[in-house]
Amino acid sequence: MAFYLQNSRNIINNLKSKVGLSSLMKQHSCSCLHHDNHSRFPASTATSPFAPQLNNLDLNSHKRGCLFMSQRFVSTIAEKQFASVQNGENNQVLDFPGGKIIFSPDMRFLSESSSVHTHCYRVLDDNGQLIKHSDYIQVSEEIAVKMYSDMVTLQTMDTIFYEAQRQGRISFYVTTIGEEAINIASAAAVTSDDFVFPQYREPGVLIWRGFTPQEFASQCFGNRADYGKGRQMPIHYGSNKHKYFTVSSTIATQIPQAVGAAYSLKMDKKDACVVTYFGDGGTSEGDFHAGLNFAAVTEAPVIFICRNNGWAISTPTSDQFRSDGIAVRGQAYGVRSIRVDGNDALAMYSAVHTARKMAVNEHRPILIEAVTYRVGHHSTSDDSTKYRPADEIEWWRMARDPVTRFRKWIESNGWWSGEAETQLRSSIRSQLLLAIQMAEKVEKPPVKELFTDVYDDLPSNLREQEKLLRETISRHPQDYPADVPH
């Protein structure tokens, strides 16, 4: 204990000598009150009352000095109280750390919810026709056709890989049926410099960035060509090349990780942002709330995209929260938010494109609630007809299919035809079937890969585990796959 006390005194004394901590505190407490009428100091440290002390700091760069001079650092001092008369009433206003507080003699509780629901932004109607006076970002023919082609690719891949799982060729699969527009349109709206922290229903982002059918198949079959070396479940994709962090099954853990990555981009002054995806069920996790607050306080350039598809496996949104969806939660944390029709590819593209500009140029987080419907089962381990009516699923599949809606729009522009449709679907199906056939023939990663890529030097306990595993395989070879090299 004496050691830690002495250490603490040494640290404090060092700060006093290096920074002038005591005088800094005294100067701040008196000079703030007489500085000017602004509650925050100017961005330049030259006019700040802290400028003399900051010039003495041993910082590695001017950039780090700017981070130290956070505006929130100043806001921790409640400056003064003053009275004002509004509407004939005497209201007191307090400068509080975080904003002005207006006192009132009236006892008023905030309503549990607004009487008017948050509007949902859309550009195309259900028939793929442009809604008059729509505010949207123009999309070129090249981008629009690629968006549609990739949506069809994703839809076809889901069908074929789902059937492969049902045939016992892969162990697990998750589809994105009904949510293709969210995948592809959001990917099209950001740049290849932006990092992606997915949940597990965003393979379309990888498709847009150039991940091949063979790479998808190799991961699902867990063969030697799998970047995860067979150590992940199927559909847990990851790609360093495409700045796509590996999928994790644990819900919402990617949210605070994404914020931390975004904050690092901000510190490094990168012209990029981070995009993270999650479902409505993810907003019931603590990581969602911690992540949004973390992003708001650090003003991190991160885009939160929530796929509000109505169901967290078998739990409907009505059993998860009483708020008006997800967008209002962003406002509660001080995060700019919007609700978007997630089945409208043009609306999603426009919203994400605009959100990226705000995130990068203004250094702020953005929350996008994409309202959609999970047409497929939660996964191949689920039968959703046990908890929701089949006719409801079919209505969303037929009447509100995002792929069909976007196809109607590009057709109305003269950018697509029935002949192009036939050629596209035939080509994609052939590529995917070939990829599966090839992936099945590639041998599995060797046993030793179970123990690599965590430690630079393998510790003794893992060496012992590897030895015991090999001995067990030798004694009981019939219980282990023959296509796994030992």
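**Stop one: the salt bridges**

By the rule used here (a side-chain nitrogen of Lys or Arg within 4 Å of a carboxyl oxygen of Asp or Glu), the count comes to 28 salt bridges. This is a predicted model, where local features need pLDDT of at least 70, side-chain atom pairs count only at pLDDT 80 or more, and totals for chains, interfaces and linings use all residues. Residues are numbered from 1 along each chain as its sequence is written, and side-chain values use heavy atoms, with hydrogens and water left out.

Select Arg400 and Asp126: they form a salt bridge, with the closest N and O atoms 3.4 Å apart. The pair ties together distant parts of the chain, 274 residues apart: Arg400 is in the loop between α14 (390–399) and α15 (402–412), and Asp126 is in the loop between β3 and α6 (141–166). Helices (H or I, at least four residues) and strands (E, at least two) are DSSP runs, numbered from the N terminus. Arg400 is buried at 12% relative accessible area, whereas Asp126 is partly exposed at 34%. Buried means under 20% relative accessible area, exposed over 50%, and partly exposed in between (1.4 Å probe, protein chains only).

Next, pick Arg407 and Glu411, whose side chains meet in a salt bridge (2.9 Å, N to O). Why are they about one helical turn apart? Because they sit 4 residues apart in helix α15. Arg407 is partly exposed at 25%, and Glu411 is partly exposed at 31%.

**Stop two: a surface patch**

Show Phe96, Ile101 and Phe103, a nonpolar patch on the surface with about 260 Å² of accessible area together. Such a patch takes residues with over 30% relative accessible area and no salt bridge, joining nonpolar side chains (Val, Leu, Ile, Met, Phe, Trp, Tyr) within 5 Å and like charges within 9 Å; areas come from the Shrake-Rupley method with a 1.4 Å probe, and only the protein chains shown count as cover for residues. Ile101 lies in strand β3 (residues 99–102) and is partly exposed at 33%.

Finally, find the second largest pocket, with a volume of about 390 Å³. Of its 21 lining residues, the closest to its centre are Tyr227, Gly238, Ser239, Asn240 and Thr246. A pocket is an open set of points on a 1 Å grid over the protein atoms alone, where a 1.4 Å probe fits, with protein on both sides within 12 Å along at least five of seven lines; lining residues have an atom within 4 Å of a point. Points are joined across faces, edges and corners, and the volume is the space filled by probe spheres set on them. Helix α9 (residues 213–221) gives the largest share of the lining, 3 residues.
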